Amino acid sequence: MFVTVWLGIYEISTGRLTAANAGHEYPALKRANGKFTLFKDKHGFVMAGMEDVKYREYELELHPGDILFVYTDGVAEATDANDQLYGLERMLDALNRKGNAGSEELLLEVKADIDRFVGEAEQFDDITMLALNIKG
């Protein structure tokens, strides 16, 4: 067994985010006046997959109007009754429909979109999401 982890420490005073990714999904990032896209960060190996694995951190500057969206694989891998995956493109489309909304509204939109897609199919994985909306 293993677990994936995305860990970020945001320094409010500087706008600097220091993060590391242990086999987790790519975060989605929207710059002010832009659209959500996947941020292809430096992936490390999954946690507990091997001993003595070193993880590399990276830095990202966040500015007013930027939004960072982090989620578990249960979002993209949500499956409908025909075994079709929700996928990253649908997730990005849902994010971009509400791109300038606050964090709560953004999260509710993505969850509602997943629910519409999945319909009555049984959920088999967790769906966890976090949106960090950088204010001025």
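How do the residues lining the largest pocket divide into nonpolar, polar and charged? Before I answer, let me say that what we are looking at is a predicted model. The lining of the largest pocket divides into two nonpolar, four polar and four charged residues, and the residues concerned are Phe2, Val3, Thr4, Gly23, His24, Glu25, Thr72, Asp73, Asp125 and Asp126. The volume of this largest pocket comes out at about 160 Å³.

The largest nonpolar core has 19 residues, and the members that touch the most others are Phe36, Phe69, Tyr86, Met91 and Leu95. Two or more residues are given to this core by each of strand E7 (67–71), helix H2 (87–97), helix H3 (103–118) and strand E8 (129–133), with H3 providing the largest share, namely five residues. If we follow Tyr86 and leave aside its neighbours within four places in sequence, we find this residue in contact with Val75, Ala76, Ala78, Met91, Ala94, Val110, Asp113, Ile114 and Phe117. There is also a second, separate core, made up of 10 residues, among them Leu17, Tyr58, Leu62 and Ile134.

Tyr58 takes us on to strand E6, residues 57–61, where Tyr58 and Leu60 form the covered face, while Glu57, Glu59 and Glu61 form the uncovered one. Strand E6 runs antiparallel to strand E2, residues 16–22, and the two are joined by five bridges; within this pairing, Arg16 stands opposite Glu61 of E6.

Methods
Residues are numbered from 1 along each chain as its sequence is written. This is a predicted model: local features need pLDDT of at least 70, side-chain atom pairs count only at pLDDT 80 or more; totals for chains, interfaces and linings use all residues. Side-chain values use heavy atoms; hydrogens and water are left out. A nonpolar core is a set of buried Ala, Val, Leu, Ile, Met, Phe, Trp, Tyr and Cys residues joined through side-chain atoms within 4.5 Å. Buried means under 20% relative accessible area, exposed over 50%, partly exposed in between (1.4 Å probe, protein chains only). Helices (H or I, at least four residues) and strands (E, at least two) are DSSP runs, numbered from the N terminus. Contact means heavy atoms within 4.5 Å. Two strands pair if DSSP finds at least two bridges between them. On a 1 Å grid over the protein atoms alone, a cavity is a set of points where a 1.4 Å probe fits but cannot get out, and a pocket is an open set with protein on both sides within 12 Å along at least five of seven lines; lining residues have an atom within 4 Å of a point. Grid points are joined across faces, edges and corners, and a volume is the space filled by probe spheres set on the points. Ala, Val, Leu, Ile, Met, Phe, Trp, Tyr, Cys and Pro count as nonpolar, Asp, Glu, Lys and Arg as charged, and the others, Gly among them, as polar.
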